[in-house]
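This report is meant for a reader meeting the structure for the first time.

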Amino acid sequence: MAKAVFVLGGAQTDFARNWSKEGKHFVAMMREATLGALAATSIEPHEVETAHVGNFAAELYAKQGHVGAFFVEIDPAFSGMPTSRHEAACASGSIALLAASAEIEAGRYDLACVCGVEQMKTVDSTTGGDYLGTAAWYEREAKGIEFPFPKLFGRLGDEYDKRYGLKDEHLAHISAVNYSNAKRNPNAQTRNWFMSETRAQKESKFNNVIGGRIKVSDCSQVTDGSVAVFLASEKFATEWAKRNGKSISDIPRILGWGHHTAPLEFDAKVAESREDEYVLPHTREAILDAFKRAGISGVEALSGIETHDCFTTSEYMAIDHFGLTKPGESWKAVEGGVIEMGGKCPINPSGGLIGAGHPVGATGVRQMLDLHRQITGTAGDYQVEDAKQMAMLNIGGSGTTSCVFVVGK
Amino acid sequence: MADNNKVVILGANGTMGAGAACVFAGAGFHVTMLARDMSKAKEGLSDTQADARAEAIAERIDLGTYDQQLEKSIAGASFIFESLAEDLALKRRFFELVDKYRSPDSVVATGSSGLSIAEMARGRSESFRQHFLGVHLFNPPHVIVGTEVIPHDDTNRAVLKGVTAMLTKRLGRKVIVTRDRPAFVGNRVGFKVLNETAQLAAEHGVAFMDYLIGPHTGRAMAPLATIDLVGWDVHKAIVDNVYANCEDEARECFKMPAYMEKGLAAGCLGDKTPAHGGFYRKDGNEVFAIDPKTGRHEPLKKPAPIEFVERMKSLNRVGKYSEAMRVLAETKDADAELCRRVVLGYISYGLSRVGEVAESPADVDTIMSYGFNWAPPCVLVDLIGAKTTINLMKRLKLSVPKSIEQAASNGGKMFSGGLLEYGRTLVG
């Protein structure tokens with residue numbers, strides 16, 4: 001049996017910041033998140049043995065590759081440390097988490113830092129939209145198309161509509177819930193933005209259609225951000241807990257994980273799932289794998305979920321894929337208040353990607369940090385009451401890479 | 001505070017009034033925006049919608065005029081926010097009406113950026129005085145969350161507590177409570193630095209001073225460009241008020257430079273008068289800067305790079321903020337000394353206001369960070385080192401605040417927060 005992987009905590013930058021306006025390189029972002037994480041966890045730099053960086057496209061946004069090596073720039077004690085960079089579009093952060101946890105499970109290292117980072121505000125929105133198109137099959141699905149991703153996720157909504165029926169008012173409600181949750185998150189990008197269900201439902205000057213059925217209010221926004229968390233072996237976690245006056249039983253651990261990759265092209269995914277009751281069956285399988293590894297029977301064992309809501313349609317998909325409703329009936333959970341704070345299974349207490357922000361390569365790490373905050377009761381104003389076990393779903397591309405973690409004590 | 005959810009804004013067509021409407025309606029209050037006439041009120045709503053980037057915010061907003069809706073809307077409101085021009089007599093006239101119509105448990109707040117709160121309340125009913133205080137928002141209110149709350153002697157403590165809690169919890173503001181002194185804390189400390197830089201520009205030039213005291217010293221925007229954004233008229237009102245009513249160690253720093261007085265008389269108000277400009281004037285793609293010696297705008301000449309400034313910028317760019325501040329502390333030349341005079345002067349003046357207008361160093365930090373987007377004074381002390389800061393202050397003949405002496409003697413940090421809370425203020 002694999003060795004246990006503990007989550008010791010971490011820190012994130014304020015996702016409302018614009019680091020280009022601050023005249024900063026992305027290494028400044030990594031530095032603030034990682035030094036903040038060290039301070040938050042009382043870990044000394046020399047204790048960190050390995051580092052994994054999640055990043056999608058620094059080559060495009062900052063004309064800089066070899067991003068893993070930038071970890072060494074953060075502190076002189078990191079010089080010589082093994083580092084690597086992981087890329088799987090919006091799931092880059094989760095791939096970095098999987099790599100770090102695999103190293104700990106294998107017994108190679110006892111303490112790993114996972115740092116997600118993306119600086120996206122270096123370019124205008126059209127250019128950024130084109131860069132994001134490289135998360136799809138660029139030549140076939142994105143080249144020459146303005147804002148390809150909203151269009152692809154609009155088609156996910158269309159596919160639901162075709163198979164089961166879909167009302168845009170349910171998507172608007174998902175948006176309003178995420179914005180409302182974000183107001184309680186002091187690091188959320190949109191915490192001071194205005195959103196209401198009426199605004200999300202109506203196309204207007206400030207809420208124009210971006211592609212297909214997707215309006216601005218259905219989208220996560222362009223975000224700069226970095227997040228760092230520490231994963232540890234039982235050996236390090238036990239010693240760390242002791243010196244911080246905690247018991248090892250108080251420290252959250254990764255109970256289970258799932259990781260599946262579907263065909264890149266959206267049409268190929270839809271063709272493959274035509275006979276399936278789930279629109280994205282590989283995402284469903286990643287969820288079931290994580291449940292199985294965690295030894296839980298299903299979603300009823302979870303106190304809440306942080307899911308990938310790059311668009312409202314992806315959260316709509318997550319609802320039935322997690323098993324909160326039968327396939328195609330996500331609207332029932334939306335109407336029944338299941339996904340809201342205080343509901344049976346709150347989704348995105350942080351505000352999710354739509355409310356909290358979506359610095360692409362950092363999102364998976366942010367979700368892991370939020371799971372840690374929830375399980376340790378340190379989520380402040382967005383705390384889910386008595387959170388014991390929670391799951392995260394992080395997706396790369398148009399449902400291509402699906403990564404799921406279940407975290408609990 | 002009354003249970004109902006209704007806010008009235010007086011002067012709702014102004015920048016701050018429309019911005020306040022965005023903040024209150026965004027937090028779920030029902031807002032009545034009052035102005036002189038309906039077309040002004042509509043202009044205000046249009047600005048509020050632009051601030052919120054949402055036409056739908058109108059669903060939480062009513063419009064009205066002072067003649068038609070004042071009495072009824074004030075009678076039904078739990079919070080009345082005055083955002084009229086900075087004219088004491090005008091404000092007092094409106095407060096007389098508010099006193100007449102308001103419900104006894106409603107709160108009345110002035111958005112004044114520095115006039116006397118006690119003077120505004122003078123002569124009003126006991127209930128009004130108990131429920132009256134200052135709530136100073138910074139421009140633009142929907143972006144800048146720093147907020148000063150200013151009670152006067154008669155403000156009921158429970159009212160003060162309730163308003164502070166509402167602003168913090170419901171509106172997400174970063175709030176400090178200040179004493180009722182001219183310009184309160186933020187503008188007192190901030191405009192000292194801005195005006196001192198403007199004074200120094202008379203000798204050293206506009207572009208040079210903005211480069212020397214630029215964002216690398218811990219601010220989102222260079223000082224003289226900031227005055228252009230604020231407006232020379234507003235700048236004058238603030239510095240004149242402090243100069244006339246405060247006797248402190250830096251009083252002379254509040255004297256409006258003669259070249260600015262002349263420019264103002266000639267219609268240079270800054271960004272709001274593009275034809276006349278302010279420190280800077282744009283003509284198509286060409287930028288001009290005022291020559292303080294002649295009062296004329298000449299083509300902007302970019303100052304020659306200064307090594308220590310470029311090094312600071314490059315260190316801030318990669319997040320090495322303490323190294324950048326060490327460069328400022330240790331560089332031995334006249335330019336660095338001039339830069340230190342302003343930056344150390346800011347720390348000295350800011351932290352010396354504790355006990356006079358601010359309650360604590362942390363309050364000065366909060367308002368400079370969240371009201372001005374400037375590096376908090378305590379952060380700068382921590383980055384430079386308390387002992388080094390004291391030595392530099394003594395050399396520059398600046399008064400050394402007690403809090404820095406304490407930090408130097410106990411070896412502790414002054415700023416209570418972490419890197420993630422101040423990093424944004426140190427610009428590359």
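Asp386(A) lies in the loop of chain A between helix H15 (363–375) and strand E10 (389–396). The model is a predicted one, and every value in this report was computed from it. The phi angle of Asp386(A) is near 55°, a positive value in a residue other than glycine. Is Asp386(A) buried or exposed? With 7 other C-beta atoms within 10 Å, Asp386(A) counts as exposed, the cut-off for that class being 12 or fewer.

Lys63(A) is not a glycine either, and yet its phi is positive, at about 50°; Lys63(A) is exposed, with 8 other C-beta atoms within 10 Å.

| Residue | Phi | Other C-beta atoms within 10 Å |
|---|---|---|
| Lys63(A) | about 50° | 8 |
| Asp386(A) | near 55° | 7 |

**A covered strand in chain A**

Strand E4 (residues 111–118) of chain A gives another picture, since eight of its eight residues are buried. Leu111(A), Cys113(A), Cys115(A) and Val117(A) point one way from E4(A), while Ala112(A), Val114(A), Gly116(A) and Glu118(A) point the other way, and all of them are buried.

Which strands are joined to E4(A) by bridges? Strand E2 (residues 50–54) of chain A runs parallel to E4(A) and is joined to it by five bridges, and within this pairing Thr50(A) has Ala112(A) as its bridge partner. Strand E7 (residues 225–232) of chain A runs antiparallel to E4(A), with eight bridges between them, and here the bridge partner of Val114(A) is Val229(A). In general, the strands of a sheet pair through backbone hydrogen bonds, in either a parallel or an antiparallel sense.

**Chain B as a whole**

Chain B has 20 helices and eleven strands. Its C-alpha trace spans about 65 × 55 × 40 Å along the principal axes. The radius of gyration of chain B is 22 Å, which agrees with the value near 22 Å that a compact globule of 428 residues would have. Of the 428 residues in chain B, 54% are buried. Among the contacts in chain B between residues at least 6 apart in sequence, 69% join residues at least 24 apart.

**A helix and a sheet in chain B**

In helix H12 (residues 258–265) of chain B, the residues Tyr259(B), Met260(B) and Gly263(B) are buried. Seen down the axis of H12(B), its buried residues fall within an arc of 100°, so they line one face of the helix. The face of H12(B) turned away from this buried side carries the exposed residues Ala258(B), Lys262(B) and Ala265(B). What covers the buried residues of H12(B) includes helix H8 (186–204), helix H11 (232–245) and strand E10 (286–290) of chain B. Just after H12(B), Gly267(B) takes a positive phi of about 95°.

Strand E10(B) is also part of an open sheet of three strands, in the order E9-E10-E11 (chain B), whose pairing is antiparallel. Strand E9 (280–283) and strand E11 (297–299) of chain B stand at the edges and have a single partner strand each, so one side of each is left without a neighbour in the sheet. From one strand to the next, the twist averages 35°. The antiparallel pairing of E10(B) with E11(B) extends over three bridges, and Ala289(B) stands opposite Glu298(B) in E11(B).

Elsewhere in chain B, a cis peptide bond joins Asn139(B) and Pro140(B), with an omega of about -5°. Pro140(B) lies in the loop between strand E6 (132–137) and strand E7 (146–151) of chain B.

**Where the two chains touch**

How many residues of chain B are in contact with chain A? There are 24 residues of chain B in contact with 26 residues of chain A. On the side of chain B that touches chain A, the elements giving two or more residues are helix H13 (307–317) and helix H20 (419–422) of chain B, and H13(B) gives the most, with three residues. By class, this side of chain B has ten nonpolar, eight polar and six charged residues.

Terms used. Residues are numbered from 1 along each chain as its sequence is written. Chains are lettered from A and ligands numbered from 1 in the order in which they are written. This is a predicted model: local features need pLDDT of at least 70, side-chain atom pairs count only at pLDDT 80 or more; totals for chains, interfaces and linings use all residues. Two residues are in contact if their C-beta atoms, placed from the backbone, lie within 7 Å. Helices (H or I, at least four residues) and strands (E, at least two) are DSSP runs, numbered from the N terminus. Ala, Val, Leu, Ile, Met, Phe, Trp, Tyr, Cys and Pro count as nonpolar, Asp, Glu, Lys and Arg as charged, and the others, Gly among them, as polar. A residue is buried if 20 or more other C-beta atoms lie within 10 Å of its own, exposed if 12 or fewer, and partly exposed in between; C-beta atoms are placed from the backbone. The arc is that of the directions from the helix axis to the C-beta atoms. Two strands pair if DSSP finds at least two bridges between them. The radius of gyration is taken over C-alpha atoms; the globule rule is 2.2 Å times the number of residues to the power 0.38. Axes are lines fitted to C-alpha atoms, for helices over the stretch in contact, and angles run from 0 to 180 degrees between N-to-C directions.
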